[in-house]
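Subject: Structure for your review

Dear colleague,

Please find below the structure that I am handing over to you.

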Amino acid sequence: MLIHIQTTSKTYPVFIGEKALQTLTDHLEKADYTKILIMTDFTVGRLHLGELKSYLSGVVEYCVYKVPVGEKAKQFSVYEEALTFALDNGLDRKSCIIAFGGGAVGDLAGFVAATFMRGIRFIQVPTTILAHDSAVGGKTGINHPLGKNMVGAFHQPEGVYYFTDFLDTLPLSEIRSGFAEVVKHAFIADKELLDFLMNSITDLTKISKQDLGYILKRGIEIKANVVHQDERENGLRAVLNFGHTLGHAIEANAGYGTVTHGEAIMTGLVYALYLSESETGLAVDIHRFEQWLGTLGYQLEISNQFDFDKAITSMKRDKKSFANKPRFILLEKIGQPVIKEIAEDQLKKIYEKFILTTQLQRKS
């Protein structure tokens, strides 16, 4: 499958399927890269680096830099070490970085590419479901102790080469994490996709390759459409953060990497549905949706140490917020997202309702 991503600054392809790596080889043979830096994490490196190397050997000179797994990769110290490695290994302005892994590796590698010698080219080779979202659109960055993805740049890749066989080795926690972004795409843009997911997917370990291909393709198409209209998140693109405002606060509170991104986002998504019900009159059977999430293994649990008042401070730093006022992506209807400023007392009131309702459902 081939999808073209069109933005103001660049147009590039997304290749999905069994021939993606061969297509990558074809690209590298035609390109003028002086050297390739493969950035991956230790788990992906152990499982899949040999296969990627087999497609690069004899085609281009390359070196490999491995980073910690997950959000631990997105630290200032790791970012600096990666830049040092690139300099030590002779990368120049005509070199290229391959981001080989999930969302965290893609964010870090893209930011290294965006800032090394004021910007060099990079390629995304995703290995997770979550990366169907993060690998497309050019958002790159690292975390700050006071907020997720607060340091970064918009830097579009040369292409995305999505070899879906890599997904066969994903643990259930990572499948669940990535699936949350699929659900997000459905809510903000495609009721038909949401109906398909809720009616067809009852076990995340038993998604057929045909269904997975459809889900990934549709999710990328939705994101591509939004990015085409608003590359640098001046307005519309913010809707892709549905569920992320509280979700990012949960991640930061727990310590990055303690809770998977998708678990936190799904919790934030359900909270956003409760807010939408109150603020926009959204008519959705939230209880049925929560029951479906339960069958898929989502806990929707928030640590007892989570301080919502402190979380509001974090939400005020969120990139959607202005003038120190929290703003949320809500839904008027499925497929009709809106950006809305909400008073702090209302945020807390609905949060307490959300917590009480989910606790009661777990006990029943």
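Against which strands and which helix do the buried residues of helix 1 pack? They pack against strand 2 (11-16), strand 3 (36-41), helix 2 (42-56), strand 6 (121-126) and strand 9 (160-162), where contact means heavy atoms within 4.5 Å.

Before going further, please note that this is a predicted model, in which local features need pLDDT of at least 70 and side-chain atom pairs count only at pLDDT 80 or more, while totals for chains, interfaces and linings use all residues. Residues are numbered from 1 along each chain as its sequence is written, and side-chain values use heavy atoms, with hydrogens and water left out. Helices (H or I, at least four residues) and strands (E, at least two) are DSSP runs, numbered from the N terminus.

Helix 1

In helix 1 (residues 20-30), the buried residues are Ala20, Leu21, Leu24, Thr25 and Leu28. Seen down the helix axis, these residues fall within an arc of 145 degrees, so they line one face of helix 1; the arc is that of the directions from the helix axis to the C-beta atoms. Glu29 and Lys30, on the other side of helix 1, are exposed. Buried means under 20% relative accessible area, exposed over 50%, and partly exposed in between (1.4 Å probe, protein chains only).

Met39 in strand 3

Strand 3 contains Met39, which is buried at a relative accessible area of 1%. Its C-alpha atom is separated by 7.4 Å from that of Val67, although Met39 and Val67 are 28 residues apart along the chain. Leaving aside neighbours within four places in sequence, Met39 is in contact with several residues, including Val105, Leu108, Ala109 and Val112.

Helix 4 (residues 103-115) is mostly covered, with 12 of its 13 residues buried. From its first C-alpha to its last, helix 4 reaches 18 Å, close to the 18 Å expected; the expected span is 1.5 Å times one less than the number of residues.

The loop between helix 4 and strand 6 holds Met117 and Arg118. Met117 has a positive phi of about 50 degrees although it is not a glycine, and Arg118 has a positive phi of about 65 degrees, again without being a glycine. Met117 is partly exposed, with a relative accessible area of 34%, whereas Arg118 counts as exposed at 79%.

Helices 10 and 11

Helix 10 (residues 261-279) and helix 11 (residues 286-296) pack at an angle of about 170 degrees, with their axes 11 Å apart. Axes are lines fitted to C-alpha atoms, for helices over the stretch in contact, and angles run from 0 to 180 degrees between N-to-C directions. The two helices are therefore roughly antiparallel to each other, a term for angles over 145 degrees. Among the residues making the contact are Leu269 and Leu273 of helix 10 and Phe289 and Leu293 of helix 11.

Leu273 is also one of the contacts of Leu331, leaving aside neighbours within four places in sequence. Leu331 lies in strand 10 (residues 327-333) and is buried, with a relative accessible area of 0%.

Yours sincerely

Technical notes
Angles under 35 degrees count as roughly parallel, over 145 as roughly antiparallel, 65 to 115 as roughly perpendicular and the rest as oblique.
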